Structure formats: C-alpha cells, structure tokens
Amino acid sequence: MAYAENNGTRLFWAESGAGPTVLLIQGFGYAHDMWYRTVPVLSPGYRVIRFDNRGGGDERRAPGGVPR
C-alpha cells in the first residue's frame with residue numbers, strides 16, 4: 001500500500017498499469033476500490049492512479065476517528 005503524507009495528513013493511493021496517466025476521482029463517501037471494474041479495462045494501456053478522499057477508505061485516522 002502507498003500513502004502520501006503532508007502536514008500530518010496521510011492518504012492512501014494505488015497505481016496500476018503503464019502509459020499515459022489517468023487519475024480516477026470518486027465522489028466523497030466512496031473508497032478507491034469502487035473502481036474495481038474500471039482499473040482492469042484501463043490498466044493495459046494507461047497508468048491508472050486512484051486514491052481515498054480525506055476521511056474515507058484506507059486513510060489513517062487520528063485518535064477519536066478524526067481525520068488527520
């Protein structure tokens with residue numbers, strides 16, 4: 001698993017495939033894995049990046065469940 005960290009905030013991200021980059025951005029309330037049908041279609045020809053929005057998915061939370 002990959003994480004991006006900045007000023008105490010840590011967000012999960014993942015990538016698949018190779019080629020021109022496509023960034024998949026889902027609506028708040030969904031996690032990166034909502035793209036499970038899309039990634040296999042795009043990844044043979046593209047580098048596909050997906051992430052979890054702040055407060056959702058695999059993001060690490062501070063004590064008390066407050067997003068960092």
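The model is predicted, so local features need pLDDT of at least 70 and side-chain atom pairs count only at pLDDT 80 or more, while totals for chains, interfaces and linings use all residues. Residues are numbered from 1 along each chain as its sequence is written, and side-chain values use heavy atoms, with hydrogens and water left out.

Select Phe-51, which lies in strand β4 (strands are DSSP runs of E, at least two residues, numbered from the N terminus). The C-alpha atoms of Phe-51 and Trp-13 are 4.0 Å apart, although 38 residues separate the two along the chain. Leaving aside residues up to four places away in sequence, Phe-51 touches Phe-12, Trp-13, Leu-23, Leu-24, Ile-25, Gln-26 and His-32 (contact means heavy atoms within 4.5 Å).

Next select Asp-52, in the segment after β4 (47-51). Asp-52 is buried (under 20% relative accessible area, with a 1.4 Å probe and protein chains only). The side chain of Asp-52 reaches the backbone nitrogen of His-32 at 2.6 Å. Asp-52 has no salt bridge, and Arg-50, the nearest side chain of opposite charge, is 8.4 Å away.

Then go to the one salt bridge that the structure holds (a side-chain nitrogen of Lys or Arg within 4 Å of a carboxyl oxygen of Asp or Glu). Glu-15 pairs here with Arg-47, with the closest N and O atoms 2.6 Å apart. Glu-15 lies in strand β2 (residues 9-16) and Arg-47 in strand β4, so the pair ties together parts 32 residues apart in sequence. Glu-15 is partly exposed, at 39% relative accessible area, and Arg-47 is partly exposed at 28% (partly exposed is the range between buried and exposed, the latter being over 50%).

Conventions:
Helix = DSSP H or I, 4+ residues; strand = E, 2+ residues; numbered from the N terminus. Lys, Arg positive; Asp, Glu negative; His and termini not counted. Polar contact = N/O pair within 3.5 Å; in protein donor to acceptor, adjacent residues only side chain to side chain.
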